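Please read it beside the sequence and the 3D view.

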Amino acid sequence: MLDGIMTGLTTAVMPFNLLMVVVGCFAGTFIGMLPGLGPISAVALMIPITYGLDPSSGIILMAGVYYGAVFGGSTSSILINAPGCASTVVTAFDGYPLAQQKQAGKALALAAYSSFTGGTIGAIVLLFAAPALASVSLSFQSSDYFALMLLGLTAVAAFSGKGQVLKAMIMTIFGLMIATVGTDVMSGAPRFTFGSLDLIDGVSFLLLAMATFALAEVVMTVLKGQHKEEEPEMDMASLGSMKLSKDEVKEIAPTVARSSVFGFIIGVLPGAGATIASFLAYGLERNLASAKEKLKFGKGALRGLAAPESANNAASTGSFVPLLTLGIPGSGTTAIMLGALIAYGIQPGPRLFIDNPDVFWSVIISMYFGNLVLLILNLPLIPYISRLLVIPRPILIPLILFFSITGVYLVSFNTFDIHMMVIITVLAILLKLLNFPMAPMLLGFILGGIMENNLSRALTLSDGSFAFLWERPLTLAIVVITLLVLLVPLISPLISRAIGKRKTSYPGPEAAVTEGEG
Amino acid sequence: MTISKDQLGALIFLVLSIAYGYNATLIPLLPGDEFEPINAQSLPIALATLGGIFSFLLLVGSTLSSKRSDDKLVLHGYDFALVGKLLALIVGFALALEWVGFLLATVLFLIGGYWLLGERRPKTLLIASLPFAVGIWFVLAQLLDIYLAPGRLFSALFGG
């Protein structure tokens, strides 16, 4: 393992990769600040750029953008009460009241320190958890993989909140259906191409991600007329001091520690990302607080700000565990990274840290740097970065549209792709208006191809019998977990009824998860 | 009877699953493939079945619990005309890319976009588009050495 850390360190400290961390954090912070664009959109916008880099630099850049976007989201939550993404909705509960009390500086600093601690604790746990899990998963066979993919897909649906489970399942199936378009890998037969040459290669992952998460998100803001809204007034002079007193540090230290570990564990679970972690951590902290402190929650409680901030960053780190070790993304954002890795020809999964140790370790090591960059560079620059928010929307929106379209065009140089993007965007808007979540579709699309390969291998090995699902104890265990996860949405109303008396007033994560962020 | 969002979505996916399932049976198979444990049609047919079951469940579920009348699809309040124009602009951008080349297409797209979203000052329109497009073109074509095909129109006029 020490060897691995050294490999990672040497790759991560290469000047170019350090630059990528810095660039990623900045770009992420900026995109994350824009209301409506969250980590998924930010990472999706980066994919075309990473195509020109080598795999470790590319994934380092995307990881930097990821936690930069989470951090940027909290900045706009605190300053203008407009969360940039779903995982920072909770941050606004206590962050914005603080800003109104002329303590925005303190709130921003606290958010940055909590994010830093959350991210760092997460990265340390990841350092030990990932290789351990990866060595276990080395013994996995195709039947286990198939079961794991099933688990990943059902988990995403199961965690998608009240009344959304069936919709999420349908969207997952829809994603799997899109994945079948193109040439069948096994027999070479064209499927659902309708005789069109442009569809022989299937729908490109980049195109789908960009259309559903960059184009559609931007077009949605236009559809809702948000581009006409007046730019929010930000009084930078009233930021106030960025310093925290010793007592305040003492007050929040246990909160940060608790929420970081808690957030990391939530992040590791497939399907539960930063959004759910931040909501749960806020609820946990509120329940642990004394009756007197409870009243302060929602009115500018420092603990109420520290908890979701540490948790969402720790969860972002945690969601890398299933991605790097099992090749199963824990959230929509890591799903996009998985797609990018596959595009590089790297198969994320147990063999990743044997075949591509540089990628595996440099990502983990670069997370420390990323958190440092956020703390040292971004925090003092926040007053200046947030000025970018003042760029008028009529200018900003066409630019984002331009970047998402050319991002796809410059990879294929085929204008058919642009038409395809428009069609998918129209579909995505329709589905968004009908409240269907987008993330499960992307996940289904990305896992679809690998899942079919593993299924066909497992079925061929077992001579067409589905007995492979229960013959190996490991496969059986995963299948059982999958079934349990499927039962969660059925049981959870009963549980919430049991604890219904302690009902809290803040909105549940359901609304946020519908947006597919995290 | 008004139709709720869930019912509408479920119906759409039910139809989609059926169409998908029908098309799945048209996928050409290699001779003897039908005796293999899994062939090109297997997964699509399974997906169509699952999709059909899930959307049917959603349809039934949302019909039985249709107590929430606020759940129906509301379309007013959304600026569909503007979005339609923006999407048409994107399609136009794709055509312009082929005919007049990257640089000109980008300038036209950006100016068109700013204009549609309400920016009318000629100075802003030009400043926010021309230097940006030239900058991007310079980075792509000169620094990164990416070949950007000149538009067909220019090739036709001046020879490729």
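This is a predicted model: local features need pLDDT of at least 70, side-chain atom pairs count only at pLDDT 80 or more; totals for chains, interfaces and linings use all residues.

Residues are numbered from 1 along each chain as its sequence is written, chains are lettered from A and ligands numbered from 1 in the order in which they are written, and side-chain values use heavy atoms, with hydrogens and water left out.

**Interface of chains A and B**

- In contact (heavy atoms within 4.5 Å) are 61 residues of chain B and 57 residues of chain A.
- The two chains bury about 5200 Å² between them, 85% of it on carbon and sulfur atoms; buried area is the accessible area (1.4 Å probe) that two parts lose on being put together, summed over both.
- One salt bridge is found across the interface, by the rule of a Lys or Arg side-chain nitrogen within 4 Å of an Asp or Glu carboxyl oxygen.
- Lys167(A) forms a salt bridge with Asp6(B), with 2.7 Å between the closest N and O atoms.
- On the side of chain B that touches chain A, H1(B) gives the largest share, 12 residues; helices are DSSP runs (H or I) of at least four residues, numbered from the N terminus.

**Nonpolar patch on chain B**

- A nonpolar surface patch of about 830 Å² includes Leu95(B), Trp99(B), Leu104(B) and Leu108(B).
- Patch residues have over 30% relative accessible area (Shrake-Rupley method, 1.4 Å probe, only the protein chains shown counting as cover) and no salt bridge, with nonpolar side chains (Val, Leu, Ile, Met, Phe, Trp, Tyr) joined within 5 Å and like charges within 9 Å.
- H7(B) supplies the largest share of the patch, four residues.
- Leu108(B) lies in helix H4 of chain B.

Notes: Helices (H or I, at least four residues) and strands (E, at least two) are DSSP runs, numbered from the N terminus.
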